[in-house]
Structure formats: C-alpha cells, structure tokens
Amino acid sequence: MSSTSSGGSPRRPAAGKHPVYRGIRSRSGKWVSEIREPRKTTRIWLGTYPTPEMAATAYDVAAFALKGSEAVLNFPDHVYSYPVPSSSSPADIRAAAAAAAAATAIKAEEGEKPAAEPGGGDGGGSASAAGDEFIDEEALFDMPNLLVDMAGGMLMSPPRMKSPPSGDSPENSEGESLWSYD
C-alpha cells in the first residue's frame, strides 16, 4: 500500500483516523479503538479514551493477543509490559486492553514521558486531560466483578461470634449477642 495518491501528493487519512497510530479514530473529541478479528468479519470494540496514546495502547494489547508476533504495533517496545488476556475471548481481550490503557494514563499522570510516536510524531495527545478522564477501577485492578462482589458482600450474614458475657451491660440477657443465631 502506497503512502501517496495517484497524483503524487501525500494521502490524507480517512476522516477521524489518527495520522500515525493504527486501530484508532477520533469521535466527538475522544479516541476510540477497535480491531478486526483474524479471518472473521467481526470487530472487537476496545473502548473510548481521552487520548490517542491510550487508545493506541488498547489496540496494541488486542493486536498482540490476536496476532502474536506477527502484529504490527503502535508501541512495539512496550509489548512485554502489557497485560495478557486470560483467553482469546473478546471480553478478556477488551478487559486487558482497558487495563493497559489505564496504566498508560497513570504513567502520564505521574509525569512519565509518553512513548514516542512511530514515524517521529510530536505527540498528538495531551496529558492535561488526565484529571478529567474516567478510570475503570475494575479493569485497572483486573477485577471484572468488583462491584458485584462488593454488593454480594453486603448481603452476607454477619460472622457468628461466641463471646463471653459482659457484666457491664444491664440489658445483657444470658450472654446472647445481637447477632446470635443459635
């Protein structure tokens, strides 16, 4: 595929596509990422991110998971620092991609310089938006059912306690506690 059109002038990227990063495009001021599954017509939606670097990182995780060492990546130097999906299912790939993108945002907040763009770009994203972004804690901590587990914990009965009767309380009737189920 050539980088120039038939007239010899540089070809413009399709509307919304990033001029350097693969697998991402701009939509309503945010960056979205998706990847086509190999030998299929379906795509895996990887998410919407505030910076192109986060979306490109999500794409890299999915590309490496689906295509292995054959994948063309945005940040090939970081491939071994990315989380690995537990399976090749779209849900697992999406979760790993979101975790990698969140880690990229954390690195940007901590002041680490973002990875250099391939092709010598000057870094199209802005780290100043990091304070306004949504960070999915479930994906970040690789706990996809964090809120469900917390809600389930609220429905559990309290632990059974066998404590000696206290002589301090006049209401204490035969040493039974409030949570006694005996």
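Colleague: What pattern does the protein chain follow, read along the sequence?

Modeller: The pattern is β-β-β-α-α-α-α. This is a predicted model.

Colleague: And how many helices and strands is that?

Modeller: The protein chain has 4 helices and 3 strands.

Colleague: What is the mean pLDDT of the chain?

Modeller: The mean is 73. Of the residues in the protein chain, 54% reach 70 or more.

Colleague: Where is confidence highest, and where is it lowest?

Modeller: Helix 1, residues 52-67, has the highest confidence, with a mean of 93. Helix 3, residues 137-140, has the lowest, at 65.

Colleague: What about residues 1-9?

Modeller: The pLDDT is below 50 over residues 1-9. That stretch makes 8 contacts in the model beyond near neighbours in sequence. Residues 114-130 are also below 50. Counted beyond near neighbours in sequence, residues 114-130 have 23 contacts.

Colleague: On to the sheet. What order do the strands take?

Modeller: The order is 1-2-3, in an open sheet with antiparallel pairing.

Colleague: Which strands stand at the edges?

Modeller: Strand 1 (24-27) and strand 3 do. Each has a single partner strand, so one side of each has no neighbour in the sheet.

Colleague: By how many degrees are neighbouring strands turned against each other?

Modeller: By 25 degrees on average, with direction ignored.

Colleague: What packs on this sheet?

Modeller: Helix 1 does, and it touches strand 1, strand 2 and strand 3. The direction of helix 1 makes about 10 degrees with that of strand 2.

Colleague: Is strand 2 largely enclosed or left open?

Modeller: Strand 2 is largely enclosed by the rest of the structure, because 5 of its 7 residues are buried.

Colleague: How many bridges join strand 2 to strand 3?

Modeller: There are 6, between residues 30-36 and residues 43-49, and the two strands run antiparallel. Trp31 has Tyr49 of strand 3 as its bridge partner. Val32 stands opposite Thr48 in strand 3.

Colleague: What lies between strand 2 and strand 3 in their hairpin?

Modeller: There are 6 residues between them. Arg39, in the turn, has a positive phi of about 60 degrees.

Colleague: Now the other pair. How many bridges do strand 1 and strand 2 pair over?

Modeller: They pair over 4 bridges, in the antiparallel sense. Ser26 stands opposite Trp31 in strand 2. Ile24 has Ser33 of strand 2 as its bridge partner.

Colleague: Which residue takes a positive phi in that hairpin?

Modeller: Ser28, near 55 degrees. The hairpin of strand 1 and strand 2 has 2 residues between the strands.

Colleague: Switching to helices. How do helix 1 and helix 2 cross?

Modeller: Their axes come within 8 Å and cross at roughly 140 degrees. Helix 2 covers residues 90-109. The crossing of helix 1 and helix 2 is right-handed.

Colleague: Which residues meet there?

Modeller: Helix 1 brings residues including Met54, Ala58, Val61 and Leu66. On the helix 2 side, among them are Ile93, Ala97, Ala101 and Thr104.

Colleague: And the whole chain: how many residues, and what share is buried?

Modeller: The chain has 182 residues, and 25% count as buried.

Colleague: What share of contacts joins residues at least 24 apart?

Modeller: It is 44%, taken among contacts between residues at least 6 apart in sequence.

Notes
Residues numbered from 1 in each chain as written. Predicted model: local features only at pLDDT ≥ 70, side-chain atom pairs only at ≥ 80, totals over all residues. Heavy atoms only, no water. pLDDT = per-residue confidence, 0-100. Contact = heavy atoms within 4.5 Å. Pairing = 2+ DSSP bridges. Axes fitted to C-alpha atoms, helices over the stretch in contact; angles between N-to-C directions. Buried < 20%, exposed > 50% of the residue type's maximum accessible area, 1.4 Å probe, protein only. Left-handed = near helix turned anticlockwise from the far one by under 90°.
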